[in-house]
Structure formats: structure tokens, C-alpha cells
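Please keep the structure in view while reading.

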Amino acid sequence: MRATRSRRRGLLELLVLTSIIEHGRIHGYGIYKKLVDSAPSYWKPSIGTLYRVLNSLVVNGLVTRAEAVVNGRRVVYYSVTDKGVDEFFKIAECILNKIYAGVKLLLPALASMKTKDNRVDYFNTVFENIYTLLKNYLGK
């Protein structure tokens, strides 16, 4: 159970870092809303866990923290540092290499079962979704 919790926390760190990079500057509740809105329904990080992760990212120099007063309320904004961007690229490269290797390994077996087993249709749908996502990202 400890390893699972550790992996989830690592994933949460990546998701938080990704949200901050995407927005440039964002407050904690904005990150929380983005995570909850885009996460699977069975997973919802607690706000306390999110702020522990944010503090860890600040302590490790991956993110900066700045306070501002907005409409009379104190708001804490987070921004990524150069070190945070470097860490993001390291993690992203690792994830994409694993995905590529996994897909490359799966495709021959899936291709051989394409006409024999309708469960392959699920993977075809996933691959089509990935293709559409990449096509939109690459602008082609």
C-alpha cells in the first residue's frame, strides 16, 4: 500500500506541475478545480494533499509561491521555475518513452487478434483517441 500511495503522490506532483506550466501562474484552488474536473470520477485528491504537494514543490525549488491581495482577500499564486521546467521535461520524456515502448510491444499481438477477438476494438478506440489528440496538438 505504501508504494501505491507514493506512486499516486508522484503522479499528483506531475499533474500539479503540468497545471502550473499550462497556466503560467495559478492559485491552489484553480489547480484543485482543474485536477478534479479532468480526473477520473474514482480519484479526487484532498485539498490538504494538494497543498502538501505544492509546498513540497516549493521547497524543492520546482515552483515559486507569491502572495497577492485580490478583492480584499489574500491569494497565493504558484509559478514554475526553470528547475521545475527541467523536471517536467525529464518526467515527460520518461513517460512518453514508456508509452512508445509499450505500444510497440502490444501492436503485433493486437494486430494478430484483430479479426478474432472483439476486445481489440477497445484498443482501436484508444489508439484513435490518441491519434486525434496528437493530430490536434501537432496542428495537422
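## Contacts of I20

Two residues are in contact when heavy atoms of theirs lie within 4.5 Å. In this predicted model, I20 is in contact with R25, I26, I31, L54, V63, Y78, S79 and V80, leaving aside its neighbours within four places in sequence.

## The nonpolar core

I20 is also among the residues with the most contacts inside the largest nonpolar core, together with V16, I31, L50, L54 and V63. This core has 21 residues. Two or more of its residues come from each of α1 (2-23), α2 (28-38), α3 (47-59), β3 (73-80) and α4 (82-113). The largest share, five residues, is given by α1.

## Overall fold

The protein contains five helices and three strands. From the N terminus on, the order of these elements is α-β-α-α-β-β-α-α. The radius of gyration is 19 Å, well over the 14 Å that the globule rule gives for 140 residues, so the protein is more spread out than a compact globule. The C-alpha trace spans about 65 × 40 × 25 Å along its principal axes.

Of the 140 residues, 24% are buried. Among contacts with a separation of 6 or more, 44% join residues 24 or more positions apart.

## The surface

The protein exposes about 10,400 Å², and carbon and sulfur atoms supply 58% of this area. I130, L134, Y137 and L138 make a nonpolar surface patch of about 460 Å².

L138 counts as exposed because its relative accessibility is 53%, and the cut-off for exposed is over 50%.

Terms used
Residues are numbered from 1 along each chain as its sequence is written. This is a predicted model: local features need pLDDT of at least 70, side-chain atom pairs count only at pLDDT 80 or more; totals for chains, interfaces and linings use all residues. Side-chain values use heavy atoms; hydrogens and water are left out. A nonpolar core is a set of buried Ala, Val, Leu, Ile, Met, Phe, Trp, Tyr and Cys residues joined through side-chain atoms within 4.5 Å. Buried means under 20% relative accessible area, exposed over 50%, partly exposed in between (1.4 Å probe, protein chains only). Helices (H or I, at least four residues) and strands (E, at least two) are DSSP runs, numbered from the N terminus. Patches are made of residues with over 30% relative accessible area and no salt bridge: like charges are joined within 9 Å, nonpolar side chains (Val, Leu, Ile, Met, Phe, Trp, Tyr) within 5 Å. Accessible areas come from the Shrake-Rupley method with a 1.4 Å probe; for residues, only the protein chains shown count as cover. A salt bridge is a side-chain nitrogen of Lys or Arg within 4 Å of a carboxyl oxygen of Asp or Glu. The radius of gyration is taken over C-alpha atoms; the globule rule is 2.2 Å times the number of residues to the power 0.38.
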